[in-house]
Amino acid sequence: MSDEEHLRAAVRLANLCPPSATAFSVGAVIAAPGGPVLSTGYSRQEDPHDHAEEVALRHAPADLDGVTVYTSLEPCGERASRPETCARLIIAAGVRRVVYAWDEPSLFVPGRGAEVLRAAGVEVVKLGGLEAEARAANVHLVEE
């Protein structure tokens with residue numbers, strides 16, 4: 001599968017999120033090189049404070065060499081609900097590539113996850129062609 005197909009799947013997962021007035025609805029897919037999906041996750045999937053990337057990493061295999069994390073929203077670089085940000089969790093897991101659709105608006109915390117990831121040597125790619133769909137899952141928080 002292509003980057004766009006995996007990212008489209010992540011954006012679809014964002015629509016499964018229970019609504020929240022204090023958190024974005026995000027979907028994440030972790031895929032191995034060549035395309036097989038290893039795990040998925042979405043915000044608030046198992047706990048009210050879960051972020052999508054956090055859930056996907058929790059259910060991923062131990063060896064994440066060469067994988068890509070696809071996420072509908074830039075991984076958080078700051079976080080109010082838990083001590084570890086998604087950017088730090090991704091780095092700690094050894095992921096070297098992240099593809100996302102929409103820059104995190106500074107609605108709750110400053111959006112700077114891409115900056116944190118790049119500083120750690122992670123390749124970060126924004127595919128903005130799916131930004132409108134990622135935003136649509138969050139219409140309860142931000143205007144289209």
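Buried means under 20% relative accessible area, exposed over 50% and partly exposed in between, with a 1.4 Å probe and protein chains only. This is a predicted model, in which local features need pLDDT of at least 70 and side-chain atom pairs count only at pLDDT 80 or more, while totals for chains, interfaces and linings use all residues. Residues are numbered from 1 along each chain as its sequence is written, and side-chain values use heavy atoms, with hydrogens and water left out.

View 1. Helices (H or I, at least four residues) and strands (E, at least two) are DSSP runs, numbered from the N terminus. R44 lies in the loop between β2 (37-42) and α2 (52-58). R44 counts as buried because its relative accessibility is 10%. The phi of R44 is positive, near 65 degrees, in a residue other than glycine. Most residues other than glycine have a negative phi. S43 is also placed in the loop between β2 and α2, and at 3% relative accessibility S43 counts as buried. Not counting residues up to four places away in sequence, S43 touches (heavy atoms within 4.5 Å) C17, P18, F24, S25, V26, D50, H51 and A52. From S43 to M1 the C-alpha to C-alpha separation is 23 Å, and the two are 42 residues apart in sequence.

View 2. Two strands pair if DSSP finds at least two bridges between them. β1 and β2 pair in the antiparallel sense over 5 bridges. V29 stands opposite T40 in β2. The hairpin has 5 residues between its strands, and G34 there takes a positive phi near 90 degrees.

**View 3. Strand β3 and its two partners.** Strand β3 covers residues 68-73; 6 of the 6 are buried, so the strand is largely enclosed by the rest of the structure. With strand β1 (residues 27-31), β3 pairs in the antiparallel sense over 4 bridges. With strand β4 (residues 97-102), β3 pairs in the parallel sense over 4 bridges.

**View 4. The aromatic pair F24 and W102.** The structure holds 1 aromatic pair. The ring centres of F24 and W102 are 5.8 Å apart and the planes are at 85 degrees, so the pair is edge-to-face. Rings of Phe, Tyr and Trp (its six-membered ring) pair if their centres lie within 6.5 Å; planes under 30 degrees apart count as stacked, over 60 as edge-to-face and the rest as tilted. The pair links distant parts of the chain, 78 residues apart: F24 is in the loop between α1 (3-14) and β1, and W102 is in strand β4. Both F24 and W102 are buried.

**View 5. N138 beside F24, S25 and W102.** N138 lies in the segment after α5 (131-136). With 1% relative accessibility, N138 counts as buried. Leaving out residues up to four places away in sequence, N138 touches F24, S25 and W102. A polar atom of the N138 side chain lies 2.6 Å from the backbone nitrogen of S25.

**View 6. I30 in the largest nonpolar core.** A nonpolar core is a set of buried Ala, Val, Leu, Ile, Met, Phe, Trp, Tyr and Cys residues joined through side-chain atoms within 4.5 Å. The largest has 39 residues, of which I30 and V95 touch the most other members. At least two residues of this core come from each of α1, β1, α2, β3, α3, β4, α4 (113-119) and β5 (123-126). Residues that I30 touches, not counting those up to four places away in sequence, include P36, V37, L38, A56, L57, L64 and V69.

**View 7. C86 in helix α3.** C86 is buried, with a relative accessible area of 0%. Apart from neighbours within four places in sequence, C86 is in contact with H51, E53, E54, P75, C76 and R79. C86 and L57 are 29 residues apart in sequence, and 9.4 Å separates them in space, C-alpha to C-alpha.

Methods:
A polar contact is a pair of N or O atoms within 3.5 Å; within protein, one must be able to donate a hydrogen and the other to accept it, and residues adjacent in sequence count only if both atoms are side-chain atoms.
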